[in-house]
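Hi,

Here is the structure I promised to pass on to you. Have a look at it first, and then read on for my notes.

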Amino acid sequence: MPVRQMKQNSEQHLVIKNHLQNTMNPVQRVPKTAQNGKGPPAAELQNTKQPHNQTSPLAKNRGRRRGRGGRKSDQGDVCMRPSSRHCTVAHKPVNPATDDLVAATSKGSIQNGHKLCGMEIGFPTSSKSLNFAPRPGYGQVGTKCIVKANHFFAELPENDLNQYDVTITPEVVSRTVNRAIMAELVRLYKESDLGMRLPAYDGRKSLYTAGELPFAWKEFTVKLVDEEDGINGPKREREYKVVIKFVAQANLHHLGQFLAGKRADAPQEALQILDIVLRELSTKRYCPIGRSFFSHDIRAPQRLGDGLESWCGFYQSVRPTQMGLSLNIDMASAAFIEPLPVIEFVAQLLGKDVLSRLLSDADRVKIKKALRGVKVEVTHRGSVRRKYRVSGLTSQPTRELVFPVDDNSTMKSVVEYFQEMYGFTIQHTHLPCLQVGNNRKANYLPMEACKIVEGQRYTKRLNERQITALLKVTCQRPRDRENDILQTVRHNAYDQDPYAKEFGIKISEKLALVEARILPAPWLKYHETGKEKDCLPQVGQWNMMNKKMINGMTVNRWACINFSRSVQEGVARGFCNELAQMCQVSGMEFNPEPVIPIYSARPEHVEKALKHVYHSSVNKTKGKELELLLAILPDNNGSLYGDLKRICETDLGLISQCCLTKHVFRISKQYLANVALKINVKMGGRNTVLLDAISCRIPLVSDIPTIIFGADVTHPENGEDSSPSIAAVVASQDWPEVTKYAGLVCAQAHRQELIQDLYKTWQDPVRGTVSGGMIRDLLVSFRKATGQKPLRIIFYRDGVSEGQFYQVLLYELDAIRKACASLEPNYQPPVTFIVVQKRHHTRLFSNNHRDRSSTDKSGNILPGTVVDSKICHPTEFDFYLCSHAGIQGTSRPAHYHVLWDENNFTADGIQSLTNNLCYTYARCTRSVSVVPPAYYAHLAAFRARFYMEPEMQENGSTGGNGHTKSTRATGESGVRPLPALKENVKRVMFYC
């Protein structure tokens, strides 16, 4: 999807020529001018130290000329020539063509570096040869302070850790049964064959001990009583053969060296063993789910509605940090299915009495969806509580169900069978039965004879009411959360844990005290015609009073559709007038009169209404396009919002702004000001820019044309097993301001985390091999919008877990290389690749909750708080940054991990850049918690889910409706592509 040239704005920019001294500096304090926009001129930022020559880390043979061309003329023969425009910043010139900045170790393992324009490009093809960016030093900028982190120091054991392979025959699928077998084995043989060892077990194939067992191989026999079996008679015993075989010894010396920063490679096996050891007791005490443990005893469960309740629990994980081994503990909450009788659960689910009326087909579908996969236990057999997993629901009521009772196909009704076999009279024969077991053999259980088994997590989608109720439970003020974490650690009593004792692990009961720094907020530039021409945010926020947008756009032709029955035409007109005035006050030119009168329509006629307004407006303006569509929606509008966005952005090419009915009736200036901000960027404007950006004072951004990417992949919700995942990539389209971001989206295989369409080639019958992909298209659009080719790439990648770091870096950095090389043979701008993580469990607390100067209004740490020591990685380049002010609950800092850095950022350089960018988010006058390019990519990916046709949203497979135009449309993965964004939509921030 190529992006056409951005609209050129009328303001003058300070522009920078291409042959600048590149500020690839060693660790040093960044001058404060780069932080607050005040002080000596930018010339003081230069660094004269020259980098040494190194070898290229990029993939071989990628410099050769690739087939030109592409979709339409947008990506045709775009020559990525350096710009000849000049900059006012004084730097020592360097020729980028000969500026080799690449390193390789003597053993051939690749280190970070780059070669701007080298012909030979080599890049590691396996994770074995890849080292992540080492930490370049520690940051110095900002006001130093102490914060507490929910990390607890763990003393390393001195004993050897031994791993044994476990084989259980007959094979068991359930971890619970496996654990029961091994617990029985330990009970029987601990004092004899196991030599008094207390092993830790992972529930699958591995057993771990502190010190060796007295044997290298041994077979045991274990008998396990089936507690769920037997009808008033003796319980049935099952016999298992268990073979334990020595596999390896974990090297704790290696782990010690790694934690001390003397080795770069983490000994995963040793870390995994220690994690399993510390989880062993909690696994026996609580309900384990992922890395968390839940129990209804930790805190009383809270009802969420529709048969669900929230359970409180805690997350626990062993982490390697600079202070040594750390145990990360955080509070957790999750939705569980209430252990109710099934009939009561169904009544709650449907919200009606089910005992006296027949169920509709819709009711039946809802019950089947909710109960499929849920474990139930029978209640009609006295003390025997046999458990089954629900596979479906019968289409007939119980009274009509019959089944064969023998091989002669003798039929018996379910009602008769239960009466004769168990003396159980089924009362509610109008209700369907639950189907349990496999589908080959039908097993029917009456609903009234079943109860839901306790401790089952609900993994499907929660409704709005349930989400609100769950958030109320999980939302804790920092002080309360800190106290709960400390209470959990004391309750777990790791000093009394027999497994921790056995392995010699000691856990501190005190939160880690960590040195932090509070980075200063950046100065923001507004338009010269406003009373306030620049602004220094206070505690992460500011407002638009007395300020005008730095690039306010013009809206001459607009229309409004009212989809809300409760909003009268006069009310809608009054709201539109107020919004138009606010846009004008904020610095836009906004025609107070719509092209056509406000049009009222019903939500179910959304497509017809949109096309009517579009064509009526074009006719009225004699063929001129409508610039903006306002839409008033009901507060609960179902699929209306998504349908409207899909039709506007992929069919009509309309920029739209939706407003809910509640805001139309209760007009607030703050709401209108925020909507005006969104409208301006959707029209191609800028609300504010960093003063340092337009003054050319941002290290490693202002010196040479720099493009900043954000990328994210959103996956379908749990329970949707075939819907595609959606990838989005955004990229800055202005320099030096780095404020406008164009976005592209694509569908890819279900739960695929690697972004497939970053770079791609396909065969065209006329042009041969054609290059394309999201990176290539965004580089081209940057060149068209700025007149310059990017000479540096900064890539913020959201949504990657630690286990995927190598895979994502190898694949996506390679795609970036190929995209660059496809534009020009020797075009290889240096890349910095940073993973952004929000789904982690590190929390930072003020050292003194009573000190109001060290917290914001919500009691959280101050915005700009950065930590890069003690709880961070022993050798790699990562940091925690809390860039936003808390509103409610406990703030979660973002974790940034620099995986690859050919631009040689200092710690201060990347931390300050990331923090400053958080103040440029277009939709509000607050600094945000995640760097905006990553945030925008998330918004774009979320928006694109609405573009899938309704049947595709349901099950991932669609019939044709004419959106795809080429034979390569379905791709290798068989995923149907999203309908293409219209060109005028693509080049603005439509997703805001």
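Predicted model: local features only at pLDDT ≥ 70, side-chain atom pairs only at ≥ 80, totals over all residues.

Asparagine 680 turns out to be buried, with a relative accessible area of 0%. You will find asparagine 680 in helix H15, which covers residues 669–682. Leaving aside neighbours within four places in sequence, asparagine 680 is in contact with Met549, Asn551, Gly552, Met553, Met588, Gly685, Arg686 and Asn687. For methionine 553 there is a polar detail as well: its backbone nitrogen lies 2.9 Å from a polar atom of the asparagine 680 side chain. Serine 586 is 94 residues from asparagine 680 in sequence, and their C-alpha atoms are 9.5 Å apart in space.

Three strands make up an open sheet in the order E25-E24-E32, and their pairing is antiparallel. At the edges sit strand E25 (534–535) and strand E32 (689–690), each of which pairs on one side only. Strand E24, residues 524–525, is joined to E32 by 2 bridges. In one of these pairings, leucine 524 has leucine 690 in E32 as its bridge partner.

Now for the aromatic rings. The count of aromatic pairs comes to 27. One of them is formed by phenylalanine 132 and tyrosine 806, which are stacked at 4.4 Å centre to centre with 25 degrees between the planes. Phenylalanine 132 lies in the loop between strand E2 (114–115) and strand E3 (143–149), whereas tyrosine 806 belongs to helix H18 (residues 805–823), so this pair ties together parts that are 674 residues apart in sequence. Phenylalanine 132 counts as buried, at 9% relative accessibility, while tyrosine 806, at 34%, counts as partly exposed.

Another pair, tryptophan 558 with phenylalanine 590, is tilted: the centres are 5.7 Å apart and the planes make an angle of 50 degrees. Here too the pair links distant parts of the chain, with tryptophan 558 in strand E27 (residues 558–562) and phenylalanine 590 in strand E28 (residues 589–590), 32 residues apart. Both tryptophan 558 and phenylalanine 590 are buried. There is also an aromatic cluster made of Tyr741, Tyr921, Tyr935, Tyr936, Phe990 and Tyr991.

Finally, some backbone geometry to check. Most residues other than glycine have a negative phi, and most peptide bonds are trans. Against that background, where are the exceptions?

- The peptide bond from threonine 169 to proline 170 is cis, with omega near -5 degrees; proline 170 is in the loop between strand E5 (161–169) and helix H2 (175–189).
- Tryptophan 735 and proline 736 are joined by a cis peptide bond with omega of about 15 degrees. Proline 736 is in the loop between strand E34 (725–732) and strand E35 (741–748).
- Valine 738 is not a glycine, yet it has a positive phi of about 40 degrees. The loop between E34 and E35 holds valine 738, which counts as buried at 1% relative accessibility.
- Lysine 622, also not a glycine, has a positive phi of about 55 degrees. Lysine 622 lies in the loop between helix H12 (606–620) and strand E30 (628–633) and is exposed, with a relative accessible area of 77%.

Methods: Residues numbered from 1 in each chain as written. Heavy atoms only, no water. Pairing = 2+ DSSP bridges. Helix = DSSP H or I, 4+ residues; strand = E, 2+ residues; numbered from the N terminus. Phe/Tyr/Trp six-rings, centres within 6.5 Å; stacked < 30°, edge-to-face > 60°. Buried < 20%, exposed > 50% of the residue type's maximum accessible area, 1.4 Å probe, protein only. Contact = heavy atoms within 4.5 Å. Polar contact = N/O pair within 3.5 Å; in protein donor to acceptor, adjacent residues only side chain to side chain.
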